[in-house]
Structures are given as C-alpha cells and as structure tokens.
Amino acid sequence: MRKVFITGTDTGVGKTLISSLLVKKFNAYYFKPIQTGSKEERDVNIVKNLTGLNGEYFLPEVYLLKEPLSPHLAAKRENKKIELKKIFCPQKEPLVVEGAGGVFVPLNENSFMLDLMQKFSLPVLVVARSTLGTINHTLLTLEALRQKKIDILGVILNGPLNLENKNAIEYYGKVKVLAEIPKLKTINSMGIEELLTNFNI
Ligand SMILES: Nc1ncnc2c1ncn2[C@@H]1O[C@H](COP(=O)(O)OP(=O)(O)OP(=O)(O)O)[C@@H](O)[C@H]1O
Ligand SMILES: [Mg+2]
C-alpha cells in the first residue's frame with residue numbers, strides 16, 4: 001500500500017481507528033482534508049495520539065469547520081464554501097487520506113465526497129460496521145464507488161465478529177473483506193499495537 005483513501009458507510013463507523021492502524025503499520029502520512037466538528041475534536045489529533053508518530057506525518061486540513069454537521073452545512077454556517085479545486089492530494093508516501101462521513105456526504109451544492117475521491121484517484125478502503133444493517137449500507141457504498149469507476153481495495157468490518165455479514169458482503173458485493181476489527185474496551189496506543197500484533201491487518 002502506498003496511498004489509500006478511507007471512506008465509510010457512515011459517520012462514526014471507525015474510519016479514524018482504521019486510519020490509525022494503517023498509519024502506524026506503514027509509518028504513513030495522514031491527511032483529513034475536510035474536518036467538521038473541530039470545536040470538539042480533530043481526527044488528526046486522535047491519530048497523532050494513537051500512533052505516537054512525529055508531527056511531520058500529520059498534514060493540515062484544508063477545511064477545518066467548527067460544527068459537527070455535514071460539510072456542506074458546517075461550511076454554510078461559517079459563510080464558507082468548500083471548493084474541490086482547492087483540495088489536492090499530497091505528494092507524500094505512504095499516505096492515508098480520511099474522508100468525512102460516507103460517499104454521498106455533500107460538500108457543496110453540486111459535489112459529494114465521492115467527487116473528491118474521484119479527483120484524488122486513490123484506491124478506496126470502505127470501513128463498515130459488522131452489525132445488522134451493514135450489508136445494505138456496504139453494498140450501496142460499493143455500488144456508488146463502482147458507478148464512478150473508483151478502484152476499491154476492499155472492506156474492513158469494525159465491531160463484533162459476524163461471519164454471516166462478512167460472507168454476504170463478499171458474495172453480493174464481489175469484494176474482499178480485508179480485516180475484521182473487534183470491539184475494544186478502550187481505544188489507546190496500546191490497543192493499536194495489540195491489534196497490529198494479533199490481527200492480520
Ligand atoms: N473497534 C472499536 N472498538 C471500540 N470502539 C471503537 C471501535 N471503533 C471505533 N470505536 C469508537 O467509536 C467512535 C467512532 O469511531 P471513529 O472516530 O474511528 O469513526 P469515524 O468513522 O472516523 O467517524 P467520523 O465520520 O466522525 O470521522 C470513536 O469514539 C472510537 O473510539
Ligand atoms: Mg474520523
């Protein structure tokens with residue numbers, strides 16, 4: 001893996017946790033171009049804390065928006081407009097790019113997170129919940145990516161192991177589930193190390 005775009009089937013699905021695992025494993029740069037809810041927490045700081053990597057690995061956001069809302073709304077609240085032409089894929093390797101929410105999150109009146117993925121032209125990793133509802137959400141996400149001819153690396157399932165859901169996603173989605181991340185009691189840098197040692201990520 002040299003560069004990857006992490007998307008998810010939803011917000012809060014585990015993109016930042018999976019990004020941290022990849023950043024740690026590959027000593028990768030991390031870039032979250034659009035961050036909403038920054039008055040509460042910035043994903044870049046979470047990844048920095050969880051990986052313990054040097055500050056230079058963490059690239060600054062292009063849009064840092066205060067409200068925990070969809071990017072198009074969070075920007076509007078600050079009288080800003082997200083413009084795709086102002087967001088570039090960093091010339092750094094290895095690189096983990098984290099999207100905001102999922103593929104159909106609007107960025108402005110006429111573009112979605114999908115359009116940013118298309119612009120960056122990176123292979124995409126889909127993070128999905130392991131639990132009920134995930135088959136539908138994951139298949140919809142894969143369908144949207146394929147419609148835009150975006151290269152799909154695979155799916156990572158996050159949460160309690162669920163073999164039936166894994167099998168259904170692989171069969172109906174014609175995709176590989178690359179890893180299954182169990183539910184952790186606490187998320188800290190030791191947990192990240194442990195996951196990397198005990199699971200084939
Ligand atoms: N496997 C897990 N075990 C326990 N807690 C988890 C696990 N995965 C994620 N979490 C917790 O769930 C919350 C959401 O996860 P995370 O921030 O990685 O989601 P996200 O998809 O990056 O969200 P956003 O759309 O806001 O960027 C966090 O508090 C995180 O610590
Ligand atoms: Mg996140």
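Reader: Where is Thr-131 found?

Author: Thr-131 sits in the loop between S7 and H5. The labels are DSSP runs counted from the N terminus: helices (H or I) have at least four residues, strands (E) at least two.

Reader: What should I know about the model and its numbering?

Author: The model is predicted; local features need pLDDT of at least 70, side-chain atom pairs count only at pLDDT 80 or more, and totals for chains, interfaces and linings use all residues. Residues are numbered from 1 along each chain as its sequence is written, chains are lettered from A and ligands numbered from 1 in the order in which they are written, and side-chain values use heavy atoms, without hydrogens and water.

Reader: Why is Thr-131 called partly exposed?

Author: Its relative accessibility is 34%. Buried means under 20% relative accessible area, exposed means over 50%, and partly exposed lies in between (1.4 Å probe, protein chains only). The value for Thr-131 falls in between, so partly exposed is the word.

Reader: Which residues is Thr-131 in contact with, leaving aside neighbours within four places in sequence?

Author: Pro-160 and Asn-165. Contact means heavy atoms within 4.5 Å.

Reader: Why does Asp-115 count as buried?

Author: Asp-115 has 17% relative accessibility. The limit for buried is under 20%, so Asp-115 passes. Asp-115 is found in helix H4, residues 113–120.

Reader: What makes the link between Asp-115 and Lys-148 a polar contact?

Author: The two side chains are joined at 3.3 Å. A polar contact is a pair of N or O atoms within 3.5 Å; within protein, one must be able to donate a hydrogen and the other to accept it, and residues adjacent in sequence count only if both atoms are side-chain atoms. The 3.3 Å between Asp-115 and Lys-148 is within that limit. The side chain of Asp-115 also reaches the backbone nitrogen of Phe-112, at 2.7 Å.

Reader: Why is H4 called largely enclosed?

Author: Six of the eight residues of H4 are buried, so the rest of the structure largely encloses this helix. Among the buried ones are Met-113, Leu-116 and Phe-120. Their cover includes S1, S6, S7 and H5.

Reader: How do you know that S1 and S7 pair?

Author: Four bridges link strand S1 (residues 3–8) to S7, in the parallel sense. Two strands pair if DSSP finds at least two bridges between them. Four meets that rule, so S1 and S7 count as paired.

Reader: What makes S7 and S8 a pair?

Author: Six bridges, again parallel. In S8, Asn-158 is the bridge partner of Arg-129. The chain crosses from S7 through helix H5 (residues 134–147) to S8, and this β-α-β crossover is right-handed. Right-handed means that, with the strands pointing away from the viewer, the path from the first strand over the helix to the second runs clockwise.

Reader: Why are S4 and S9 said to stand at the edges?

Author: The open sheet has seven strands in the order S4-S2-S6-S1-S7-S8-S9, with parallel pairing. S4 (58–59) and S9 (177–181) each have a single partner strand, so one side of each is left without a neighbour in the sheet.

Reader: Why does Glu-98 count as buried?

Author: Glu-98 is at 2% relative accessibility, which is under the 20% limit. Thr-16 is buried too, at 12%.

Reader: Which residues come nearest to ligand 1?

Author: Of the 16 residues around ligand 1, they are Thr-11, Lys-15, Thr-16, Asn-158 and Leu-184. A residue is near a molecule or strand if one of its heavy atoms lies within 4 Å of it. A polar side-chain atom of Thr-16 is 2.7 Å from an oxygen atom of ligand 1. For Gly-12, a backbone N or O atom lies 3.0 Å from an oxygen atom of ligand 1.
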